[in-house]
Amino acid sequence: MASVVPVKEKKLMDVKLGEPSSWILMQDFTPKGIAGAFQRGYYWYYKYVNVKKGGVAGISMVLVVYVLFNHCGCYKELKHERLRKYH
């Protein structure tokens with residue numbers, strides 16, 4: 001039988017669909033808690049994502065994603081401009 005884990009101790013990926021509001025309200029929003037969250041994120045980044053050699057490829061991928069995301073957001077306006085007649 002699975003043990004019952006309090007909402008406060010659950011990770012975000014383990015929170016059920018109806019529990020996000022109670023999970024967020026149970027988090028520690030004191031300066032010490034926020035600093036701890038940043039520290040955990042920093043250590044997670046250097047454990048799983050740490051880039052040994054950076055280059056143009058990573059920056060170009062970020063730039064392409066940024067351009068595509070903005071294009072999708074403005075597509076309706078761009079489509080309207082394309083169909084406008086200039087005369």
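1. A pocket is an open set of points on a 1 Å grid over the protein atoms alone, where a 1.4 Å probe fits and protein lies on both sides within 12 Å along at least five of seven lines. Lining residues have an atom within 4 Å of a point. In this predicted model, 14 residues line the largest pocket. Trp23, Gln27, Ala37, Arg40 and Gly41 lie nearest its centre.

2. The model is predicted, so local features need pLDDT of at least 70 and side-chain atom pairs pLDDT 80 or more, while totals for chains, interfaces and linings use all residues. Residues are numbered from 1 along each chain as its sequence is written, and side-chain values use heavy atoms, without hydrogens and water.

3. The protein has four helices and zero strands. Its pattern along the sequence is α-α-α-α. Helices (H or I, at least four residues) and strands (E, at least two) are DSSP runs, numbered from the N terminus.

4. Back to the largest pocket. Its volume is about 530 Å³, taken as the space filled by probe spheres set on grid points joined across faces, edges and corners. Which helix gives the largest share of the lining? Helix α2 (residues 31-48) does, with seven residues.

5. Of the 87 residues, 7% count as buried. Buried means under 20% relative accessible area, exposed over 50%, and partly exposed in between (1.4 Å probe, protein chains only).

6. Now the aromatic rings. There are three aromatic pairs in the structure. Tyr42 and Tyr43 have ring centres 5.7 Å apart and planes at 70°, so this pair is edge-to-face. Rings of Phe, Tyr and Trp (its six-membered ring) pair if their centres lie within 6.5 Å; planes under 30 degrees apart are stacked, over 60 edge-to-face, and the rest tilted. Ring pairs join Tyr42, Tyr43, Tyr45 and Tyr46 into a cluster. Tyr42 has 48% relative accessibility, so it counts as partly exposed.

7. UniProt, in an unreviewed entry, lists residues 54-75 as "transmembrane region". Such annotations may be inferred rather than shown by experiment. In the model, residues 54-75 are 86% helix and 0% strand. The end C-alpha atoms of this stretch are 32 Å apart.

8. How many disulfides does the whole structure hold? A search finds zero. A disulfide is a pair of cysteine sulfur atoms within 2.5 Å. The sulfur of Cys72 has its closest cysteine sulfur in Cys74, 9.6 Å away, which is too far for a bond. Cys72 is exposed, at 60% relative accessibility, whereas Cys74 is partly exposed, at 39%.
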